[in-house]
Amino acid sequence: MFYNEELIFIEMFMYAICSKGIREIPFSNDKFNNGISAIDKYLRESIDEDKYDLIMNLFIKNPIYNEYDKIIKGIMETNGRLCSFPIKNPVWETLILNSCSQNTATKMLDLYTDTVFPKEIICNVADKFIESINYDVA
């Protein structure tokens, strides 16, 4: 079960990645986990505890598989709407962000601004994720 704030956060995060022109990111692997860990650390240090509490369950790791199950499931909920998974990818280690242009993603971020998190925070979240997975934006 997801709370509205969690779903909004996931969608804003995905739009923020798209707004930077990135169309493919690692998913459900060590690089992805490093990215999510960086996001969690950044948010704990940067936002009020009350705001963090709204989404903290996204950052709980499954103790058996050592993965962020809830955020993975939340992203998978957007399959077909905001993202897709390549057929050649049997374990879904790559996520394709093919839902919109950079311009549309930026407009969507503007629409969501301050619903739960300011646009600046979400853009910083995307930057932390990109940096931690060693993605070369150039």
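Author: Leaving aside its neighbours within four places in sequence, serine 19 is in contact with Gln102, Ala105, Thr106 and Leu109. Serine 19 is found in helix 1. Please keep in mind that this is a predicted model.

Reader: Why is serine 19 called buried?

Author: Buried means under 20% relative accessible area. Serine 19 has a relative accessible area of 16%, so serine 19 is buried.

Reader: What does the side chain of serine 19 reach, and at what distance?

Author: The side chain reaches the backbone oxygen of alanine 16, at 2.7 Å. A polar contact needs N or O atoms within 3.5 Å.

Reader: How do you know that the span of helix 2 agrees with its number of residues?

Author: Helix 2 covers residues 30–46, and at 1.5 Å a residue its 17 residues should span 24 Å; the end C-alpha atoms are 24 Å apart, so the two agree.

Reader: What caps the N-terminal end of helix 2?

Author: Asparagine 29 does, with a side-chain oxygen 3.2 Å from the backbone nitrogen of lysine 31.

Reader: Which residues of helix 2 are buried, and what covers them?

Author: The buried ones are Phe32, Asn33, Gly35, Ile36, Ile39, Asp40, Tyr42 and Leu43. Their cover includes helix 1, strand 1, helix 3, helix 4 and helix 6. Helix 2 also has the highest mean pLDDT among the elements, 96, while strand 2 has the lowest, 85. For the chain, the mean pLDDT is 88.

Reader: Which residues have the most contacts inside the largest nonpolar core?

Author: Phe9, Leu43 and Phe59 do, in a core of 45 residues. Helices 1, 2, 3, 4, 5 and 6 each supply at least two residues of this core, and helix 1 gives the most, with 9 residues. In soluble globular proteins, nonpolar side chains tend to be buried together.

Reader: How many aromatic pairs are there, and what makes phenylalanine 9 and phenylalanine 117 an edge-to-face pair?

Author: A search of the whole structure finds 7. For phenylalanine 9 and phenylalanine 117, the rings are 5.7 Å centre to centre with 75° between the planes; rings pair if their centres lie within 6.5 Å, and planes over 60 degrees apart count as edge-to-face. The pair links distant parts of the chain: phenylalanine 9 is in helix 1, and phenylalanine 117 lies 108 residues away in the loop between helix 5 and helix 6. Both phenylalanine 9 and phenylalanine 117 are buried.

Reader: Why is the pair of tyrosine 52 and phenylalanine 59 called stacked?

Author: Planes under 30 degrees apart count as stacked. The planes of tyrosine 52 and phenylalanine 59 are at 15° and the ring centres 6.1 Å apart, so this pair is stacked. Tyrosine 52 counts as buried because its relative accessibility is 6%, and phenylalanine 59 counts as buried at 6% too. Ring pairs link Phe9, Tyr52, Phe59 and Phe117 into a cluster.

Reader: What else is phenylalanine 59 in contact with?

Author: Leaving aside neighbours within four places in sequence, the contacts of phenylalanine 59 include Ile36, Ile39, Asp40, Leu43 and Tyr68.

Conventions. Residues numbered from 1 in each chain as written. Predicted model: local features only at pLDDT ≥ 70, side-chain atom pairs only at ≥ 80, totals over all residues. Heavy atoms only, no water. Helix = DSSP H or I, 4+ residues; strand = E, 2+ residues; numbered from the N terminus. Expected span 1.5 Å × (residues − 1). Buried < 20%, exposed > 50% of the residue type's maximum accessible area, 1.4 Å probe, protein only. Contact = heavy atoms within 4.5 Å. Polar contact = N/O pair within 3.5 Å; in protein donor to acceptor, adjacent residues only side chain to side chain. Core = buried A, V, L, I, M, F, W, Y, C linked by side-chain atoms within 4.5 Å. pLDDT = per-residue confidence, 0-100. Phe/Tyr/Trp six-rings, centres within 6.5 Å; stacked < 30°, edge-to-face > 60°.
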